[in-house]
Amino acid sequence: MSVIKLNLCIPLFLLMSLCSIAQVSNYKYERTLKNVSEDWHKITIPDNVFGKLQPSLQDMRIYGITEEMDTIEVPYLLKINKDHLVKKEHSCQIINSSKTDDGYYYYTSKLDQQTDISDIKLLFADANFDWKVNLEGSQDQKQWFTILENYRILDIENTSTNYSYTNLNFPTANYVYYRIAVKSNKQPTLSSVNIFMQKLTNGILVDYKVKNLKASQDRQMKSTEVEFELTNPVPVSSMKINVNGNYDYFRSISMRYLLDSVKTEKGYLYNYTTFKRGTLTSLEDNEFEFNSTMAKKFKIVIYNGDNQPLDIKSIELKGFKYELIARFTESANYKLVYGNKSAHQPHYDITNFKDNIPVNLKELEVGTEKQIIKNDEPSATGLFKDEIWLWAIMGIVILILGGFTYKMLGNTAQE
């Protein structure tokens, strides 16, 4: 009987071993994960990995090889360390308006309930204005405390532009009454006052070094094109445009990234796609946030109109930190493998138990990238590169060993 059991175990062992090899060999790249010592660890995805993944980042796996040469798959969660913004609006009403001899128009708002606030959005029926605003707070309308002074608000509307900046941002304040003073030659028509409390929990950002920054002018379109790139394709979520000059400006812009390129007889033809539109202005810090965009090469188009082109000093690109949160249950040599166009999205149980994951996790060291080499020689080993051949050969092996086992059973019965 021991011989029969051994014969049955051989095909199963071969099948498991070959399937494990096939699993890993379906991927193009691997990196060793060092210093696995806990049940849970975090792994920072290296920058030069993103460009070799599917857009959905679903072709990453963590495999471990045990001392018994078994292959185990490690479950993981993909964590993107984003900002978390909580915005709560508070009800208020405009209870008073007045004018003083010094050219200020005052509007007093009362909160329905005293609470912390950090933002006030003003909505005017007026258009095309450039005003200075003071903001004060009070508990009893007798003693007023300055919150903002000479704060600029602006509205521009014409055939080519529609821009409004009427948000008042300030450190957290806690008053019942808020008084807004607008310096204007004519009485503004204040339609509404919206009061908010915004609490931002900052994510973890990674700075990406911009290279090959160059600007060119399109005289016909009256625009400036600024091209630049990164070392690797990475997920970018914010862009800051630094402009030389201490004068006021206001320009519409579009932000684009390289989608693909086609080689022609005259060189490469680049196809860019727009992922963000906005306004470049001296009133703001010109930092734009957007959904994470995977790209390497970028272009900004600045529409100057009849204005002198702006001098772009530098571009700052940032993206949120991407991590894998993984659970290790056995002692093994672990590797991160990736690069498989046919890999599906993995589904692990740990996605349903996120609250049970420890908060402070030790980060693993990720080794250098190695290409997973497949044997291209026209030998029997080469057949294993095709899964159909693999399963066919395993079926033949099982049939042969099964027949041998059946014969052994017949001989045992005759005895």
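Two strands count as paired here when DSSP finds at least two bridges between them. With that in mind, welcome to a tour of this predicted model.

**Figure 1. Confidence along the predicted chain, as a guide to the views that follow.** The mean pLDDT of the chain is 88, and 87% of its residues reach 70 or more. Among the elements of the chain, β23 has the highest mean pLDDT, at 98, while helix α1 (residues 2–25) has the lowest, at 49. Please read two stretches with care: the pLDDT is below 50 over residues 1–20, and it is also below 50 over residues 377–385. Beyond near neighbours in sequence, the model gives residues 1–20 a total of 19 contacts, and residues 377–385 have 12.

**Figure 2. A close-up of strands β11 and β12 in an open sheet of 6 strands.** The sheet runs in the order β7-β8-β14-β10-β11-β12, with antiparallel pairing. Its edge strands are β7 (92–99) and β12 (162–165), each of which pairs on one side only. Neighbouring strands are turned by 20° against each other on average, with direction ignored. Strand β11 (residues 145–157) is joined to β12 by 4 bridges, and the two run antiparallel. To find your place in this pair, look for leucine 154 and, opposite this residue in β12, tyrosine 165. β11 and β12 form a hairpin with 4 residues between them.

**Figure 3. The hairpin of β10 and β11 in this sheet.** Here 8 bridges link strand β10 (residues 129–138) to β11 in the antiparallel sense. Tryptophan 131 stands opposite isoleucine 153 in β11. The hairpin has 6 residues between its two strands. Which residue in the turn has a positive phi? That is glutamine 141, with a phi of about 65°.

Figure 4. Strand β9 (residues 117–124) pairs with strand β15 (residues 190–201) over 6 bridges. A handy landmark is lysine 121, which has asparagine 194 of β15 opposite. In a regular strand the side chains alternate between the two faces of the sheet.

**Figure 5. The largest nonpolar core and isoleucine 241.** This core holds 53 residues. Which of them touch the most other members? They are Met60, Ile62, Met239, Ile241, Leu280, Phe298 and Ile300. Strand β18 (residues 223–244) supplies the largest share of the core, 8 residues. Leaving aside neighbours within four places in sequence, isoleucine 241 is in contact with Ile253, Leu280, Asp285, Asn286, Phe288, Ile300, Ile312, Ser314 and Ile315. Apart from this core lies another, of 28 residues, among them Ile117, Val133, Leu135 and Leu148.

Figure 6. Glycine 245 sits in the loop between β18 and β19 (250–264). Its relative accessibility is 48%, so glycine 245 counts as partly exposed. For orientation, look across to serine 282: the C-alpha atoms of glycine 245 and serine 282 are separated by 9.2 Å, although the two residues are 37 residues apart along the chain.

**Figure 7. Glutamate 323 in strand β23.** Glutamate 323 lies in β23 (residues 322–327). Is this residue buried or exposed? Glutamate 323 is buried, because its relative accessible area of 3% falls under 20%. The glutamate 323 side chain makes a polar contact with the side chain of asparagine 81, at 3.4 Å. Asn81 is also among the residues that glutamate 323 touches, together with Lys42, Ile43, Thr44, Leu77, Leu78 and Lys79, not counting residues up to four places away in sequence.

**Figure 8. Histidine 41 in strand β2.** Histidine 41 belongs to β2 (residues 40–44). With a relative accessibility of 0%, histidine 41 counts as buried. A polar atom of its side chain lies 3.0 Å from the backbone oxygen of lysine 362. Setting aside neighbours within four places in sequence, histidine 41 contacts Asn35, Val36, Leu324, Ile325, Ala326, Phe328, Leu361, Lys362 and Leu364.

Key:
Residues numbered from 1 in each chain as written. Predicted model: local features only at pLDDT ≥ 70, side-chain atom pairs only at ≥ 80, totals over all residues. Heavy atoms only, no water. Buried < 20%, exposed > 50% of the residue type's maximum accessible area, 1.4 Å probe, protein only. Polar contact = N/O pair within 3.5 Å; in protein donor to acceptor, adjacent residues only side chain to side chain. Contact = heavy atoms within 4.5 Å. Axes fitted to C-alpha atoms, helices over the stretch in contact; angles between N-to-C directions. Core = buried A, V, L, I, M, F, W, Y, C linked by side-chain atoms within 4.5 Å. pLDDT = per-residue confidence, 0-100.
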